[in-house]
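This report describes strand pairing and packing in a single model. The sequence and structure are shown first.

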Amino acid sequence: MSTYVYGITAASHPELPESLGGVGDPAREVRVLTEGDLAAIVSDAPEGLKPKRRDLLAHQNVLSEVGAAGCVLPMRFGSVAPDDNTVTSVLAERADHYKERLRTLDGKVEYNVKATHDEEAVLHRVMSDNPEIRSVTEANRQAGGGSYEDRLRLGEMVVAAVKAREAEDANEVRQALEPVAEAISVGPESSGWLANVSFMVERDSAASFLEAVDQLRKSHPHLDLRVNGPLPPYSFVEPGPGEPAGTTVGIDHAEE
């Protein structure tokens, strides 16, 4: 049977909580595979596993339980190996890399921050910051709304100004929070948000990081900031030697 991998820890990591359940329905029993100084947190892999909410939460819960007792290198959802022997072989082959990552990430958590604009607030800010847009808006108002070409020109000016504001705000989010983080990882661009950045933070400094987020909210009321964390440091588990970028600590994972 295939083996589902949740994460990698030191072999000296405290024992798992009793009856810890993982992915699958019924939930597969979570167990530990040890190889030298390393251990993999695994379970049997259910057939036809899909990223359903229940299984995503089960995966996250296992990592949270294990991470509460010590450092864990988290695997992405859907990380499956052909069998237990494959997992232990990978641990042996890449032991130096995994041990270095465990040392680096010990005591660290991840916060992901996504930022979007409050549409009404950012339009107000764009208007107040741009004399030309205010002038064209007033001219159109006095002309009873202005011609089609006038309205089109104003719309294009506003869109360009909002786009420029998005770039500026994305940079300001990063500049405001980077000083209180150990490292950052910029996520993929999307039309859904103007910034998507993960911050690696000392667990003991999490309160300072969240305070910096609150200060950013107060100083940028036109921004909607969504914070997810503390999380296992997914974005900072670097591929090992010979692994392509985008894989997670060496075990092939299914598409999410």
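## Pairing of strands 6 and 9

Strand 6 (residues 108–117) pairs with strand 9 in the antiparallel sense over seven bridges. Within strand 9, leucine 225 is the residue opposite alanine 115. Two strands count as paired if DSSP finds at least two bridges between them; strands (E, at least two residues) and helices (H or I, at least four) are DSSP runs numbered from the N terminus.

The model is predicted: local features need pLDDT of at least 70 and side-chain atom pairs count only at pLDDT 80 or more, while totals for chains, interfaces and linings use all residues. Residues are numbered from 1 along each chain as its sequence is written, and side-chain values use heavy atoms, with hydrogens and water left out.

An open, antiparallel sheet is formed by four strands in the order 7-8-6-9. Strand 7 (183–186) and strand 9 (223–231) are its edges, each pairing on one side only. From one strand to the next, the twist averages 20 degrees.

Helix 6 (residues 148–177) lies across strands 6, 7, 8 (195–202) and 9, at about 160 degrees to strand 6. Such angles run from 0 to 180 degrees between N-to-C directions, with axes fitted to C-alpha atoms, for helices over the stretch in contact (heavy atoms within 4.5 Å).

## Strand 1 and its partners

Strand 1 (residues 3–10) runs antiparallel to strand 3 (residues 38–44), joined by seven bridges; isoleucine 8 stands opposite alanine 40. Two bridges join strand 1 to strand 4 (residues 73–74), also antiparallel, and there leucine 73 is the bridge partner of isoleucine 8.
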